Amino acid sequence: MEYYPMYEEFAIFELAIWLGLSAWIANATPVLGGGGKPIDGGGLFRDGRRILGDGKTIRGFIVGVFFGTLTGIGQFLAAPYLRPILALFVTITPEMDYVLSISIPAALLLSLGALTGDVVGSFIKRRVNVKSGDPSPFLDQVGFILMALIFAFPLMAPSPNFVIILILTTLGIHWLSNALGYLLGFKKNPW
Ligand code: CTP
Ligand code: MG
């Protein structure tokens with residue numbers, strides 16, 4: 001078989017995206033289906049501010065976990081077809097195959113973790129007096145992905161290079177989507 005050394009890095013990048021896909025979808029979809037009763041029931045913390053705020057709803061949480069897990073089901077079904085295509089370009093190492101063969105329970109845990117990380121992020125934001133909807137760079141961008149990886153860890157422990165590239169890509173995508181939102185006129189600031 002011919003070997004393309006440059007594709008090896010590219011394959012690791014692709015698989016890092018593959019690893020993050022269900023958590024990303026879980027994190028992105030609540031905005032489409034959220035609303036209704038807030039998770040904190042409108043309750044206040046002892047500092048007098050909302051525990052989580054109106055931005056975290058039960059429906060949004062369920063919508064996120066649903067679409068994240070659905071993504072995982074799609075990945076589970078697609079993996080057997082993608083493996084031979086990937087094998088055309090690189091020698092698939094056991095580490096690569098491990099990430100490619102993501103299981104549905106692992107995707108469920110990634111999704112649950114992503115939404116839990118989002119909730120924990122809001123809890124911290126309210127404690128440091130950041131209003132619902134106001135940005136908190138690090139928490140908003142990578143909090144959810146870190147918690148997703150922690151939740152899935154008992155079922156899925158990918159090698160560190162995938163984790164590092166996934167975190168960097170998550171930061172990059174956030175930056176890209178904000179810049180795009182600004183250029184298209186949806187956002188006032190490019191960050
Ligand atoms: N959303 C929801 N339920 C969730 C998460 C999100 O309903 N568990 C919806 C809400 O309509 C929310 C929107 O998705 O306003 C965007 O989500 P996010 O940016 O995470 O929330 P924020 O409104 O920015 O609130 P916070 O400052 O608490 O993060
Ligand atoms: Mg927000």
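Modeller: A salt bridge is a side-chain nitrogen of Lys or Arg within 4 Å of a carboxyl oxygen of Asp or Glu. Lys125 and Asp140 form one here, with their side chains at 3.1 Å, N to O. This is a predicted model, where local features need pLDDT of at least 70, side-chain atom pairs count only at pLDDT 80 or more, and totals for chains, interfaces and linings use all residues. Residues are numbered from 1 along each chain as its sequence is written, chains are lettered from A and ligands numbered from 1 in the order in which they are written, and side-chain values use heavy atoms, with hydrogens and water left out.

Colleague: Is Lys125 buried or exposed?

Modeller: Buried means under 20% relative accessible area, exposed over 50%, and partly exposed in between (1.4 Å probe, protein chains only). Lys125 is buried at 7%, while Asp140 is partly exposed at 29%.

Colleague: How many salt bridges does a search of the whole structure find?

Modeller: The search finds 8. Among them, Arg50 meets Asp40 at 2.9 Å, N to O. Both Arg50 and Asp40 sit in the loop between helix 2 and helix 3, 10 residues apart. Asp40 is buried, with a relative accessible area of 13%, and a network of salt bridges links Asp40, Arg50 and Asp54.

Colleague: Now the pockets. How is empty space found?

Modeller: Rolling a probe the size of a water molecule over the atoms shows where empty space is left. On a 1 Å grid over the protein atoms alone, a pocket is an open set of points where a 1.4 Å probe fits, with protein on both sides within 12 Å along at least five of seven lines; lining residues have an atom within 4 Å of a point. The largest pocket holds about 1,400 Å³, the volume being the space filled by probe spheres set on the points.

Colleague: Which residues lie nearest the centre of the largest pocket?

Modeller: Asn27, Asp118, Lys125, Asp140 and His174 do, out of 45 lining residues. Helix 5 gives the most to this lining, 8 residues.

Methods. Helices (H or I, at least four residues) and strands (E, at least two) are DSSP runs, numbered from the N terminus.
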